[in-house]
Amino acid sequence: MLDNGLKVLIVEDHKAPTATFQIWYRVGSLNEKTGKTGLSHLLEHMMFKGTKNHGPKTFSQTIQRSGGTDNAFTSKDYTGYFELLASDRISLPIELEADRMQNLILTKESVLSERDVVMEERRMRYEDDPQNFVMEEVFAAAFKNHSYRWPVIGWMSDLKTLNPDDLVSHYRTYYAPNNAVIIVVGDVNQREILAKIKAAFGSIPAGPPIPAITVEEDEQKGERRIYVKKEAELPYLLSVYKAPNITHADGFALDVLGSILSDGKSSRLYRSLVYEKQIAVSAWAGYEGLYKAPFLFFSGATAGQGKKIEDVEKAMFEEIEKIKNELPSAQEVQKAKNQVEASFIMQQDSIYMQAKTIGSFEMTVGWKFIDKYLEGIRKVTPEDVSRAAKKYLIDEQKTTGILIPLAKGVAQ
C-alpha cells in the first residue's frame with residue numbers, strides 16, 4: 001500500500017515475456033444516484049478521450065504502437081482498465097494510467113458526443129435485444145431500493161440528461177489513488193515494478209473519503225412478476241432469487257447447485273427441458289455470488305418454436321422442486337464440484353485472467369478469498385446443496401420476467 005492509499009498487487013509469472021497492467025477503481029453503478037445512472041460507464045468511455053499530456057484518442061494508439069492491447073470494463077461494483085503487452089514495455093501503461101488518473105480532460109463537446117455513443121450502445125445491447133431488455137426489467141423489479149436495480153449502462157432517460165459537470169464530479173470523487181488498486185501479472189520483477197509504480201503514482205495526492213453505500217434491500221415478502229411485450233422470435237423466461245454473496249456459508253453450495261442445474265448438456269435443466277421434453281431451445285441456471293452485497297441466483301429458458309412459456313416454466317419449477325426434495329447423489333455433486341473447480345482454474349490460464357480474477361475478488365470480497373474459494377467448493381455435500389435450494393429457491397425471494405413475443409411491425 002502506498003502512502004496515498006493506492007493498493008498494489010503483483011504476481012510474477014515468467015512463462016512468457018509478457019505482462020498485464022490493470023488498474024481497478026472501486027466505483028460502479030452501485031455508487032450512482034437516482035437520475036444519474038450510467039455515470040460510471042460513461043466515464044469509462046471518457047477515459048480514452050485524452051489528457052493534458054496526451055491528445056484525444058491517443059491512449060489506445062500508443063499502446064497498440066508498442067504491440068499491446070488495452071480495454072476497459074464497468075460493472076455494478078467496479079470499473080477496470082487493462083493493458084497487455086511485452087513485459088519490457090510495462091513502463092508505458094504505468095505512465096499513461098498515472099496521467100489519466102489526474103489529468104483527464106472533460107470538455108462539454110467531448111462528453112455530449114460520447115454520451116450519444118453510449119446511448120446508441122444502449123439501443124443496440126438492450127432496447128433492441130429482447131432478452132437483455134427482460135433482464136433489466138427483472139433486476140429493477142427484484143431490488144426495490146438497492147442500487148443493484150440499475151443497469152450498468154444506465155437508463156436511457158438518465159443518459160439523456162447527464163452533463164459534463166456530472167462526469168467531472170464523478171471523476172474527482174472516485175478516480176483517486178485511495179480508491180484504486182493496481183494489479184500486475186507477468187514476466188516482471190516485483191521490486192523493480194513496484195519502484196516504477198511508486199515513481200509514477202506516489203506523488204498523486206489522496207482524494208477525499210469515498211462516500212459510503214449505506215442502502216440495504218428490504219426483505220421481499222412474495223413473488224414479483226413482470227411481463228414484457230416486445231418484437232421477438234421466441235418466448236423467454238427469467239427467474240431470479242435473492243441470494244447471499246460468496247462469503248456466506250451457503251455461497252459455495254449455491255455455486256455447486258448452479259452447476260448441477262446448468263453445466264453442460266447432461267445438467268438437469270438442459271436434459272429435462274431441451275432433450276427430454278423438447279419444449280425449450282435453451283435452459284440454464286447460475287449463482288452470481290461475487291458481489292459486494294447479496295445478489296441473485298438465476299434460472300432461465302427460451303421456449304421452442306410453437307411451445308408455451310407456461311409449460312417451460314412448469315418444467316423448470318419441477319426440476320427446482322426435485323432438487324429441494326430429493327438429495328442429489330454424491331456422484332452428481334462431485335461431478336459439479338469438479339466442473340466448478342476446473343472452470344475456475346482454467347479461466348486463469350492467461351496472465352490477463354489471473355489479474356482479472358484477483359481484481360474481481362479484491363473489488364468485492366477481498367483478493368485473499370481466492371484461496372478459500374476452491375477449499376469451500378470441495379467441502380460441499382449433497383445435503384448442503386439441497387439445503388441451499390430449500391432456503392433460497394423459494395417464491396418469497398423470487399422475481400420472474402416473461403417475454404411475450406410480438407410479431408414484426410406490431411405496435412408495442
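Tyr373 touches Ile246, Phe252, Asp255, Val340, Phe344 and Phe361, leaving out residues up to four places away in sequence; contact means heavy atoms within 4.5 Å. The model is predicted, with local features needing pLDDT of at least 70 and side-chain atom pairs counting only at pLDDT 80 or more, while totals for chains, interfaces and linings use all residues. Residues are numbered from 1 along each chain as its sequence is written, and side-chain values use heavy atoms, without hydrogens and water.

Tyr373 is also, with Leu257, Leu273 and Phe297, among the residues with the most contacts inside the largest nonpolar core, which has 59 residues. Such a core is a set of buried Ala, Val, Leu, Ile, Met, Phe, Trp, Tyr and Cys residues joined through side-chain atoms within 4.5 Å, buried being under 20% relative accessible area with a 1.4 Å probe and protein chains only. Helix α9 (residues 251-262) gives the most to this core, seven residues; helices are DSSP runs of H or I, at least four residues, numbered from the N terminus. Another core, of 47 residues, lies apart from it and includes Leu42, Ile94, Met119 and Val184.

Ile94 also belongs to the contact between two helices, made by Ser91, Ile94, Glu97, Ala98 and Met101 of α3 and Ile193, Lys196, Ile197, Ala200 and Phe201 of α8. The axes of α3 (residues 91-102) and α8 (residues 190-201) come within 9 Å and cross at roughly 25°, so α3 is roughly parallel to α8 (angles under 35 degrees).

Ser147 lies in the loop between α5 (130-142) and α6 (156-159). At 7% relative accessibility, Ser147 is buried. Beyond neighbours within four places in sequence, Ser147 is in contact with Ser29 and Leu30.

Technical notes:
Buried < 20%, exposed > 50% of the residue type's maximum accessible area, 1.4 Å probe, protein only. Axes fitted to C-alpha atoms, helices over the stretch in contact; angles between N-to-C directions. Parallel < 35°, antiparallel > 145°, perpendicular 65-115°, else oblique.
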